[in-house]
Amino acid sequence: MKTTHRRRLGTAVTVALTAGLFAAPAVAAGADVTPPGVAVSSTDFPSGPGSTSVKYAGQIGTFVLTGTDLAPEGDTASGVACFRYEMNGTLGVSDRHCGPGTVAAGPDGTVTVALRVPQWGTNILTVQAEDNAGNVSQPFSYTFYARSNPNPPQAPGDVDGDGVPDILLPDAAGNLQIIGASAADTTPTSVVAASAAPNRTSWSTVQLAHRGWRGHAPIDDVLMHEPGSTTLDFYYNADYGTFRQAPSNVARPTSCQSAAGTATACPADYARDWSRADQLVALGSLNTQPLASLLTVENGDLWLFPNPGLQYRLSTARRLTTGGAWAGLDLIAPGPDATGKLALWARERATGALHAYPVPKLANGTFDFSALADPTAGVVATGFTTDAYPVLGSSGDGDGDKVPDLWAVTADRHLLTYRGLTDPKDLGLLR
Ligand SMILES: [Ca+2]
Ligand SMILES: [Ca+2]
Ligand SMILES: [Ca+2]
């Protein structure tokens, strides 16, 4: 009977807490019925005519949100409780008192928030304050100008524009975490909402590939594909990894090439859409443009989609292998090394062996894919079983020593980063 009693008590406590947290307190006579005022300031991104931003578009700036709760005669000031804010968008409406998406005010009625400024030029931070009685202020628009960085950092693999390659992984709630590959722990530098995924629900089922850019500042464009889906979604990353730009579809090429690169008829099992692309990785650039050529596994064979144009326009599909030997391997694309040489890595799912295949550039400027003909060659490490390491990847050179690095997610969701393929560092539990 003790158990029942405890459970009842627990339920009662939960209800009381819920009411206290989210329900606006009832208004009694003489209570606070006056909305608070709100203001915003930032030394990083000042507002006003002729003001010059200290930081650049794409960087994280601090913004001080200040609420003021005054009490007219006969009224009581309950004090500022929280703020809700939105950068370059419309504030959401909430009937919950300081519910999800709000940030609590300090005892002095202010809070400092660190926000990435997603675009060059004019940005608007809209803020609303709420007092402890549930009165909300009018939205306040803080308009400021963000300069573009004349000398932006460049690193293939970087999605948010800080010059450090990023590891993109879903959290337990389906949001997308952007974690710097040189991070000391698993704290993401930013989080993209689950609702911004191409399926509008969750990033957890979406395969992502990114390396290089075209047509905007040097930050990776991102390809997004769900296994079995007919579409390949493309995110043109002109907004520093905030995924505000709506994705577009990448058209499937209708002309094919042999492994040697000569034009051939597309084989009968070549799909007219992306539904057979079981895996896809961004191999690296094969020309003078930074945007990476794409590699897929389809029906167990490797297909190369070389030299994407603007918006990832692809002109040909090149079948690199036949016979279906790649079906049992997980592709990992480490990107170029210090000398610009490309490679492909792969994990053999049955054994946990890790392979590396060189893709050297030849004197005539073309690339030699012959090492990919035999996926059983080139074992460089063992023990990377699917049980111990469900997910393996590479975002290029994470630690800046010019050597591409592996990363791994363990069965208990710890993120490990490597120096090359050795010396794993446990960054801790992923959210
Ligand atoms: Ca008030
Ligand atoms: Ca980054
Ligand atoms: Ca490295």
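Two residues are in contact here if their C-beta atoms, placed from the backbone, lie within 7 Å. Keep that in mind and start with Thr417, which touches Ala181, Gly398, Asp405, Trp407, Lys425 and Leu427 once residues up to four places away in sequence are left out. This is a predicted model, so to speak of local features we need pLDDT of at least 70, and side-chain atom pairs count only at pLDDT 80 or more, while totals for chains, interfaces and linings use all residues. Residues are numbered from 1 along each chain as its sequence is written, and chains are lettered from A and ligands numbered from 1 in the order in which they are written.

Back to Thr417. It is found in strand S27, residues 414-419; helices (H or I, at least four residues) and strands (E, at least two) are DSSP runs, numbered from the N terminus. Thr417 counts as buried because 23 other C-beta atoms lie within 10 Å. The cut-offs go like this: a residue is buried if 20 or more other C-beta atoms lie within 10 Å of its own, exposed if 12 or fewer, and partly exposed in between, with C-beta atoms placed from the backbone. Thr417 and Ala155 are 262 residues apart along the chain, and 17 Å separates their C-alpha atoms.

Now step back and take in the whole chain. The protein chain has one helix and 28 strands. Its C-alpha trace spans about 85 × 70 × 40 Å along the principal axes. Of its 431 residues, 37% count as buried. If you take contacts between residues at least 6 apart in sequence, 53% of them join residues at least 24 apart.

Where the two meet, the contact takes four residues from domain 1 and six residues from domain 2. On the domain 1 side, the touching residues divide into one nonpolar, two polar and one charged. For that tally, Ala, Val, Leu, Ile, Met, Phe, Trp, Tyr, Cys and Pro count as nonpolar, Asp, Glu, Lys and Arg as charged, and the others, Gly among them, as polar.

Next, the sheets. Strands of a sheet pair through backbone hydrogen bonds, either parallel or antiparallel. Two strands pair if DSSP finds at least two bridges between them. One open sheet has four strands in the order S4-S3-S6-S7, with antiparallel pairing. Strand S4 (102-104) and strand S7 (140-146) stand at the edges with a single partner strand each, so one side of each has no neighbour in the sheet. From one strand to the next, the twist averages 30°; for such angles, axes are lines fitted to C-alpha atoms, for helices over the stretch in contact, and angles run from 0 to 180 degrees between N-to-C directions. Inside this sheet, S3 (residues 80-87) and S6 (residues 121-131) pair over seven bridges in the antiparallel sense, and Tyr85 has Val127 in S6 as its bridge partner.

Another open sheet of four strands runs S21-S22-S23-S24, again with antiparallel pairing. Its edge strands are S21 (329-332) and S24 (379-381), each pairing on one side only. Here the twist averages 35° from one strand to the next. S22 (residues 342-348) and S23 (residues 354-359) pair over six bridges and form a hairpin with five residues between them, where Gly352 in the turn has a positive phi of about 80°. Across this pair, Leu344 has Tyr357 in S23 as its bridge partner, and Leu342 stands opposite Val359. S23 and S24 pair over two bridges, with Leu354 partnered by Ala381 in S24.

Finally, look at the cores. A nonpolar core is a set of buried Ala, Val, Leu, Ile, Met, Phe, Trp, Tyr and Cys residues joined through C-beta atoms within 7 Å. The largest has 67 residues, and those touching the most other members are Leu223, Val281, Leu283, Leu294, Leu295, Leu331 and Leu344. Leaving aside neighbours within four places in sequence, Leu331 is in contact with Gln279, Val281, Leu295, Val297, Leu344 and Ala346. A second, separate core of 21 residues includes Phe63, Ala81, Cys82 and Tyr142.
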